[in-house]
Amino acid sequence: MRRPEIAVALDLATPEDALALVAAIGDDASWYKVGSMLALSDGSALVRELVKRGKSVFLDLKWHDIPNTVAGAVASAAAVGASLATVHLAGGRRMLEAAAEGRGSSRLRLVGVGVLTSLDAAAFSRVVGRDVREVAEEQERLMELGLGVLDGFVAAPSETARVRRVAGESAFLVTPGIRPAGDSAGDHSRSATPAEAARAGSDLLVVGRPITEARDPGAVVRAIRAEIAAAD
Ligand code: C5P
């Protein structure tokens with residue numbers, strides 16, 4: 001069974017807050033996710049600082065633009081030292097190929113986002129202009145655009161096992177919406193525990209508020225790691 005790593009989502013107001021959290025967690029986490037909020041407040045300096053501290057950075061900016069622009073964004077992400085970044089599968093095959101080329105000789109991995117979990121079948125039907133019965137089918141259709149081009153996919157907990165079957169063993173799967181066993185689900189209607197996501201075949205679990213809002217963030221990270229290690 002896979003033993004996924006944890007990416008702490010740095011959904012905090014300032015780079016100073018983010019670095020204070022990273023220092024508080026210390027050696028217990030090696031991955032950090034930087035999103036739009038921090039990226040727009042001196043984000044490249046923050047990414048470089050995290051890399052300098054030996055951390056792997058997941059830059060979650062979910063690009064969806066013309067191929068040339070996305071290729072440039074990917075090249076910039078590689079240049080600041082990010083290890084992982086997201087693109088929208090709905091940008092189309094050419095955009096995804098341009099994104100992959102934008103990596104150059106770097107080791108930046110790219111994962112595709114399909115249908116946002118905030119959209120249900122009715123909402124997604126309005127996006128595509130036809131009746132969508134099941135969001136999972138649409139997710140699979142979108143994934144086909146990224147197969148053989150990207151390194152992997154972002155998958156909600158409820159989809160991870162299915163995405164693993166479609167994407168194959170070598171794909172890198174990222175799962176948000178994780179809540180440690182015993183935690184209240186917060187605003188995720190479809191969350192999973194770390195052990196469940198590990199069993200479903202995830203490689204990287206994204207965890208935000210259960211860690212960032214904890215009195216002892218390092219202890220929460222250690223508890224999640226223990227849960228993953230004990231999963232069977
Ligand atoms: O809920 P939590 O604080 O753990 O969320 C962590 C991160 O995962 C956030 O940055 C959020 O944007 C992301 N997320 C996501 N898709 C979801 C749920 C959360 O990308 N379905």
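Helix axes are lines fitted to C-alpha atoms over the stretch in contact, and angles between N-to-C directions run from 0 to 180 degrees. Helices (H or I, at least four residues) and strands (E, at least two) are DSSP runs, numbered from the N terminus. The model is predicted, so local features need pLDDT of at least 70 and side-chain atom pairs count only at pLDDT 80 or more, while totals for chains, interfaces and linings use all residues. Residues are numbered from 1 along each chain as its sequence is written, and side-chain values use heavy atoms, with hydrogens and water left out.

The strands come first. Eight strands close into a barrel, in the order E1-E2-E3-E4-E5-E6-E7-E8, and the pairing is parallel. Neighbouring strands of this sheet are turned by 25° against each other on average, direction ignored. Two strands pair if DSSP finds at least two bridges between them. Strands of a sheet pair through backbone hydrogen bonds, either parallel or antiparallel.

Several pairs can be followed in detail. Strand E2 (residues 31-34) pairs with E3 in the parallel sense over four bridges. Val34 has Leu59 as its bridge partner in E3. E3 also pairs with E4, again in the parallel sense, over three bridges. Here Leu59 has Ala85 as its bridge partner in E4. Strand E7 (residues 172-175) and strand E8 (residues 204-207) pair in the parallel sense over two bridges. In this case Leu205 in E8 is the bridge partner of Thr175.

Helix H4 (residues 67-80) lies across strand E3 (56-63), strand E4 (84-88) and strand E5 (109-113). H4 runs at about 165° to E3. Helix H11 (residues 217-230) lies across strand E1 (5-9) and E8, and runs at about 150° to E1.

Helices also pack against each other. Two packed helices are described by the angle between their axes and the distance between the axes. H4 and helix H5 (residues 93-102) pack at an angle of about 30°, with their axes 7 Å apart. H4 is therefore roughly parallel to H5; angles under 35 degrees count as roughly parallel, over 145 as roughly antiparallel, 65 to 115 as roughly perpendicular and the rest as oblique. H4 passes H5 in a right-handed crossing. A crossing is right-handed if the near helix is turned clockwise from the far one by less than a right angle, and left-handed if anticlockwise. Contact means heavy atoms within 4.5 Å. Pro67, Val70, Ala71, Val74 and Ala75 of H4 meet Arg94, Met95, Ala98, Ala99 and Gly102 of H5.

The axes of helix H1 (residues 15-25) and H3 come within 11 Å and cross at roughly 15°. H1 is therefore roughly parallel to H3. Their crossing is right-handed. Pro15, Ala18, Leu19 and Val22 of H1 make the contact with Leu46, Glu49 and Leu50 of H3.

Helix H8 (residues 160-167) has a buried side. Its buried residues are Thr160, Val163, Arg164 and Ala167. They cover an arc of only 105° around the axis, which puts them on the same side of H8. The arc is that of the directions from the helix axis to the C-beta atoms. An α-helix has 3.6 residues a turn, so residues three or four places apart point the same way. The cover over the buried residues of H8 includes H7, strand E6 (152-154), E7 and helix H9 (194-200). Buried means under 20% relative accessible area, exposed over 50%, and partly exposed in between (1.4 Å probe, protein chains only).

Arg165 also belongs to H8. Arg165 counts as exposed because its relative accessibility is 65%. Gly168 follows H8 and has a positive phi, near 90°. In helix H7 (residues 135-146) sits Gln139. Gln139 is buried, with a relative accessible area of 3%. Leaving aside neighbours within four places in sequence, Gln139 is in contact with Gly114, Val115, Val154 and Glu159.

Two further residues stand out by backbone angle. Most residues other than glycine have a negative phi. Asp42, although not a glycine, has a positive phi of about 60°. Asp42 is found in the loop between helix H2 (36-39) and helix H3 (43-52). At 55% relative accessibility, Asp42 counts as exposed. Lys62 is not a glycine either, yet has a positive phi of about 45°. Lys62 is found in strand E3, and is partly exposed, with a relative accessible area of 33%.
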